[in-house]
Amino acid sequence: MMVRNYLETLGIQLMDRLKRLAVQRSTAKVILMKSLTNALLKLVASMTGERWHKCPQLLTTVLNGISREGQEDETNEAAPASVFMAKLDSDAAEAELQRNITKDDFLEMEVLGQFNLGFIIAKLRDDLFVVDQHASDEKYNFERLQRETKLQQQTLVVPRRLDLTAVNEALLIEKIHVFQEVGFDFVVDMEQSATNRVRLSKIPYSKSVQLGEDDIQEMLFLLSDQPDLRCRPSRLSSMFASRACRSSIMIGTALTKRTMQQILQHMNQTEQPWNCPHGRPTMRHLASVSDLLTHS
């Protein structure tokens, strides 16, 4: 309810502003601003949900960035129909982005401005996109930490027997390299009877987070379902997600155009740029410039 009230209040404020601007600008420009404002309001509500509680601020640079499109000769060839058709709050929106946006496209996006001190408005050819500055920076930092963080290893004085079934023991021996990549190590004695062949000799840790047998059991469960999976314990992923969140650009931070462009460049370097580690979408399609101008 809080979000809806704020958005309704904002909508009234912006509509009043549009009426005042009508005296100074063309009717087409005002209608264009109204269309974009409504689209932004719907998209921000979709991306942030009930957690949002700050009064949004719309930078005029966003509008200036697209308004020049309306100044072109009307005889120019019409832009192709937009390939982005999914609803803003649907699961199809992410799949649509994956199909139509390549990593190189992030390098070609033009930053138009910042919306609500939390969202980057970017333009790629005929389409406008809204990028969550915190979620996108968090995902970049999350993947960077996973690549660069070196877990420490603690050697056990006495290797520990694991409570494993014969099937899980055989799976661990077969996929032992997956566990070693995380930081575990084992003593394997194939001369012993089944369920007694593997003993845990080293456990990984990072600062206050130490992994153990429960994490091994979780990895075995995942590998039993997907044998080719390069898995990590969820506790390790949660640790990286927490550290990435704290070190990332926060909502409410005013950004320079250079910093916003850097965020888009980092998305080019991200393996899965569509969601932050906590599941929040990093970007959504906002509108087609040609559609806005057509309706204006």
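This is a predicted model: local features need pLDDT of at least 70, side-chain atom pairs count only at pLDDT 80 or more; totals for chains, interfaces and linings use all residues.
Reader: Why is Arg125 called exposed?

Author: Its relative accessible area is 54%, and the cut-off is over 50%, so Arg125 counts as exposed.

Reader: What makes Arg125 and Asp105 a salt bridge?

Author: The rule wants a side-chain nitrogen of Lys or Arg within 4 Å of a carboxyl oxygen of Asp or Glu. Here the closest N and O atoms are 3.6 Å apart, and the pair passes. Arg125 sits in the loop between β2 and β3, Asp105 in helix α5, 20 residues apart. Helices (H or I, at least four residues) and strands (E, at least two) are DSSP runs, numbered from the N terminus.

Reader: Which other pair involves α5, and what makes it count?

Author: Lys103 with Glu271, whose closest N and O atoms are 3.7 Å apart. Lys103 lies in α5 (residues 103-108) and Glu271 in the loop between α11 (257-268) and β8, so the pair ties together parts that are 168 residues apart in sequence. Lys103 is partly exposed at 32%, while Glu271, at 56%, is exposed.

Reader: How do you know that β2 is largely enclosed?

Author: Count its residues: six of the six in β2 (residues 119-124) are buried, so the rest of the structure largely encloses this strand. Phe119, Ile121 and Lys123 point one way, Ile120, Ala122 and Leu124 the other, and all are buried.

Reader: How do you know which strands β2 pairs with?

Author: Strands pair if DSSP finds at least two bridges between them. Five bridges join β1 (residues 110-115) to β2, and six join β2 to β3 (residues 127-132); both pairings are antiparallel. Gly113 has Ile121 as its bridge partner, and Leu124 has Asp127. The turn between β2 and β3 has two residues, and Arg125 takes a positive phi near 55° there.

Reader: How do you know that the buried residues of α4 line one face?

Author: In α4 (residues 92-100), they are Ala93, Glu96 and Leu97. Down the axis, they fall within an arc of 100° (taken from the directions from the helix axis to the C-beta atoms), so they line one face of the helix. They pack against β3 and β8 (283-288).

Reader: What makes a set of residues a nonpolar core?

Author: They must be buried Ala, Val, Leu, Ile, Met, Phe, Trp, Tyr or Cys residues joined through side-chain atoms within 4.5 Å. The largest one here has 28 residues, and Leu172 and Phe186 are among those touching the most other members. Several elements give two or more residues to this core, including α6 (133-148) and α10 (234-247). With five residues, α10 gives the most. A second, separate core of 18 residues includes Leu97 and Phe106.

Conventions: Residues are numbered from 1 along each chain as its sequence is written. Side-chain values use heavy atoms; hydrogens and water are left out. Buried means under 20% relative accessible area, exposed over 50%, partly exposed in between (1.4 Å probe, protein chains only). Contact means heavy atoms within 4.5 Å.
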